[in-house]
Amino acid sequence: MSYLMAFIIGGILCVIGQLAMDLTKPGITPGHILVGFITGGAILSAVGLYQPLVDISGAGATIPLSGFGHSLAQGAIAGVKEKGLLGAFSGGVAATAAGITAAIVFGYLAAVIFNPKD
Amino acid sequence: MDEGKSEELKAAEKKEYQNLVNQVKPKPSVLANCLWAFVVGGLICVIAQMILNYLVSKGMSKSDAGSAVAVIMVFLGALLTGIGIYDKIGEKAGAGSIVPITGFSNVIVASALEFKREGYIFGVGARIFSIAGPTLLFGFTASVLIGLISYWFR
């Protein structure tokens, strides 16, 4: 069951990205999609609309980049509860530190080890 | 008169040429693109869910397991981009390979590789952020604004 919901919700989020690309050609690039999803996910999360999606589909909602925005938003809100104003600045990045650091370090290693394919 | 005719001819030729182009050009319909994005994006999430379930079954807390899954998926995305498989998947899958977090590591590696010949510090080191940078910037900014608003209404 959890796999089916992960598949469906994850798939639907990707279709939203695909429609944004196909229906607005050629203005929207993969970069715009990523920026849009991380920001959109953070906003939906802040108004309480993203957590229900995570509850029903698990990785289907956390693995798309909107889930990254969700972690950033919830991290900031939890940070404020814990540390006040300072938490607004530290909470988001603290909650996503593992993924962001991994992306930069593994990304760099992959770029050093491998060569561009043509 | 002559000029008008040649213009008509030009228009006709243009139309014929367009028809020819349209015949030769492969036409991936929006529907087909969406189907591919749905299936590939969905499958990536299922793989992540499998890893998540495995880690939780080994006694990891849900939030730690979530972070670990992000690290693992990012690693897989970087590796598959490095060996050239991810971009092949992306040709078909479109947003199905961009929206998941593996797509985030894909754009990091792809933009870094493109500038490898400019060196490892200011080539790879700087260009690694050409798409990741704006993404993180907007993500961090949104997060801080949300934090400030929640501080205000606390």
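**Exercise 1. Find the helix that holds A:Met5, and decide whether this residue is buried or exposed.**

Step 1. A:Met5 is found in helix α1 of chain A; helices here are DSSP runs of H or I with at least four residues, strands are E runs of at least two, and both are numbered from the N terminus. The model is predicted, so local features need pLDDT of at least 70 and side-chain atom pairs count only at pLDDT 80 or more, while totals for chains, interfaces and linings use all residues. Residues are numbered from 1 along each chain as its sequence is written, and chains are lettered from A and ligands numbered from 1 in the order in which they are written.

Step 2. (Buried means 20 or more other C-beta atoms within 10 Å of the residue's own, exposed means 12 or fewer, and partly exposed lies in between, with C-beta atoms placed from the backbone.)

Step 3. Leaving out residues up to four places away in sequence, A:Met5 touches A:Ile56, A:Ser57 and A:Gly60. Contact means that the C-beta atoms of two residues, placed from the backbone, lie within 7 Å.

Step 4. For A:Met5 and A:Ala42, the separation is 37 residues in sequence and 21 Å in space, from C-alpha to C-alpha.

**Exercise 2. Describe chain A as a whole.**

Step 1. Chain A has six helices and zero strands, and its elements run α-α-α-α-α-α from the N terminus on.

Step 2. Its C-alpha trace spans about 50 × 35 × 35 Å along the principal axes.

Step 3. Chain A has 118 residues, and 55% of them count as buried.

**Exercise 3. Work out which helix of chain A gives the most to the side that touches chain B.**

Step 1. Begin with the totals: 66 residues of chain A are in contact with 64 residues of chain B.

Step 2. At least two residues each come from α1 (2–22), α2 (30–46), α4 (59–62), α5 (65–83) and α6 (85–113) of chain A. The most come from α6(A), with 20 residues.

Step 3. By class, this side of chain A has 45 nonpolar, 19 polar and two charged residues. (Ala, Val, Leu, Ile, Met, Phe, Trp, Tyr, Cys and Pro count as nonpolar, Asp, Glu, Lys and Arg as charged, and the others, Gly among them, as polar.)

**Exercise 4. Classify the packing of α6(A) against helix α3 of chain B.**

Step 1. Helix α3 of chain B covers residues 62–82, and its axis lies 9 Å from that of α6(A), at an angle of about 20 degrees. (Axes are lines fitted to C-alpha atoms, for helices over the stretch in contact, and angles run from 0 to 180 degrees between N-to-C directions.)

Step 2. That angle makes α6(A) roughly parallel to α3(B). (Under 35 degrees counts as roughly parallel, over 145 as roughly antiparallel, 65 to 115 as roughly perpendicular and the rest as oblique.)

Step 3. Among the residues making the contact are A:Ala98, A:Gly99 and A:Phe106 of α6(A), and B:Ala70, B:Val74 and B:Phe75 of α3(B). The residues of this contact divide into twelve nonpolar, five polar and no charged.

**Exercise 5. Compare that with α3(B) and helix α4 of chain B.**

Step 1. Helix α4 of chain B (residues 85–93) packs with α3(B) at about 95 degrees, their axes 4 Å apart. This makes the two roughly perpendicular.

Step 2. B:Gly77, B:Leu80 and B:Thr81 of α3(B) meet B:Ile85, B:Tyr86 and B:Asp87 of α4(B).
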